[in-house]
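Please read it with the structure open.

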Amino acid sequence: MPPTPKGEFGSSTYFREYSKYFKIKNSPLGDRGMEHYTMNLTLKVWRQKNAQSKGRFETYEVKDISSEMSFLEMFDVLNERLIHEGKEPIAFDHDCREGICGTCSMYINGRPHGPWHATTTCQLHMRAFRDGDTIIVEPWRAKAFPVIKDLIVDRGAFDRIIQAGGFISVNTGSAVDGNAIPIEKENADKAFAAAACIGCGACVAACKNSSALLFVAAKVAHLSLLPQGDPERKTRVLAMIEQMDKEGFGSCSFTQACEAVCPKEISITNISRLKREYMFAGLAADK
Ligand code: SF4
Ligand code: FES
């Protein structure tokens, strides 16, 4: 059994310790190398008919799971069996299965996206687990992300925040040449890193306040660092924060749990940037 991570559950210390342990022990280059093995597991999975009904954990035994399967492939195997037995398969969200779309969101053993650092659920491999393990799988727990069914939550709140201002409203025509607009290298790098956010919601799920600030900060930084996003810089940040509050996300108390679990390693320095942007936009609006 892995050691219990230090720190209060949900704190940044807890998630950092957890990541550190699994990164070393369960890395493909870790103590077991690329060795292939099969395992039998016990899964405790959250089942819930819809947003109105009360959910519960159901226990499933899965056998002969290959260490080379992805976590979602393991679910596919279980669902095939459930369908074959005439039972309702487990509903879970997924699309790209390559860490791009952000839909495969779930807690695995209490950690958003599971034990591996900077890895989405779809890119998590079963070699992260050992024969005989019990794995607990739950949907995101946040008021602004209501459960639709089983492990699927409605992340429409993120879409509405983007609709409020996470875009540039200019007619761009056809794509311009890559270097037609000079952009300082440092800003280009920072904008690129912020644009890596896939909108998965792990930051909200890890936060004890269910704050969406890391997500909003990434989107604001991505656009405000580029000349194309500059004209709407002030209205954008005010509108996105207003929408975030309307959706019922909590406030940020800077525990850094969001950064510790983010599969795209979005830095909380973006939150500091967002706060500056918000303050200056607010001062300009008051004039
Ligand atoms: S900031 Fe990270 S955890 Fe939050 S939505 Fe973006 S990718 Fe997911
Ligand atoms: S299924 Fe697209 S990021 Fe996991």
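1. A strand here is a DSSP run of E of at least two residues, and strands are numbered from the N terminus. By that rule M39 belongs to strand 1, which covers residues 38-47. The model is a predicted one, and local features are taken from it at a pLDDT of at least 70.

2. Overall content. The protein contains 9 helices and 7 strands. It has 287 residues, of which 38% count as buried. Among the contacts with a separation of 6 or more, 70% are made by residues 24 or more positions apart.

3. An open sheet is formed by 5 strands in the order 2-1-5-3-4, and its pairing is mixed. The edges are taken by strand 2 (56-66) and strand 4 (111-112); each has a single partner strand, so one side of each has no neighbour in the sheet.

4. Pairing with strand 5. Strand 5 covers residues 134-138 and pairs with strand 1 in the parallel sense, over 4 bridges. Within strand 5, I135 is the bridge partner of L43, and I136 stands opposite K44. Strand 3 (residues 107-108) also pairs with strand 5, here in the antiparallel sense and over 2 bridges. In that pairing Y107 has E138 of strand 5 opposite it. As background, side chains in a regular strand alternate between the two faces of the sheet.

5. M39. M39 has 19 C-beta neighbours inside 10 Å, so M39 counts as partly exposed. Apart from neighbours within four places in sequence, M39 is in contact with I65, S67, F129, R130 and D131. Of the pair M39 and F129, the C-alpha atoms are 8.5 Å apart in space, while the two residues are 90 apart in sequence.

6. E98. This residue sits in the loop between helix 2 (71-84) and strand 3. E98 counts as exposed because it has 10 C-beta neighbours inside 10 Å. A separation of 8.2 Å is found between the C-alpha atoms of E98 and T120, which are 22 residues apart along the chain.

7. Most residues other than glycine have a negative phi. Which values are found for N109 and D150? N109, not a glycine, has a positive phi of about 50°, and D150, also not a glycine, has one of about 45°. N109 is in the loop between strand 3 and strand 4. D150 is in the loop between strand 6 (147-149) and strand 7 (152-153). With 18 C-beta neighbours inside 10 Å, N109 counts as partly exposed. D150 counts as buried, because it has 24 C-beta neighbours inside 10 Å. Anyone checking the backbone may want to look at both sites.

8. Helix 7. This helix covers residues 233-246, 14 residues in all, and at 1.5 Å a residue it should span 20 Å; the end C-alpha atoms are 20 Å apart, so the two values agree. The expected span is 1.5 Å times one less than the number of residues. Which residues of helix 7 are buried? They are R236, V237, M240, I241, Q243 and M244. These residues cover an arc of only 160° around the axis, and therefore lie on the same side of helix 7. An α-helix has 3.6 residues a turn, so residues three or four places apart point the same way. Just after helix 7 comes G248, with a positive phi of about 90°.

9. Ligand 1. How many residues surround ligand 1? There are 15, and the closest are C197, C200, A202, C203 and C262. Two elements give two or more residues to this shell, helix 5 (202-206) and helix 6 (213-224). Helix 6 provides the largest share, 3 residues. By type, the shell around ligand 1 holds 11 nonpolar residues, 3 polar and 1 charged.

Notes: Residues are numbered from 1 along each chain as its sequence is written. Chains are lettered from A and ligands numbered from 1 in the order in which they are written. This is a predicted model: local features need pLDDT of at least 70, side-chain atom pairs count only at pLDDT 80 or more; totals for chains, interfaces and linings use all residues. A residue is buried if 20 or more other C-beta atoms lie within 10 Å of its own, exposed if 12 or fewer, and partly exposed in between; C-beta atoms are placed from the backbone. The arc is that of the directions from the helix axis to the C-beta atoms. A residue is near a molecule or strand if its C-beta atom, placed from the backbone, lies within 6 Å of it. Ala, Val, Leu, Ile, Met, Phe, Trp, Tyr, Cys and Pro count as nonpolar, Asp, Glu, Lys and Arg as charged, and the others, Gly among them, as polar. Two residues are in contact if their C-beta atoms, placed from the backbone, lie within 7 Å. Two strands pair if DSSP finds at least two bridges between them.
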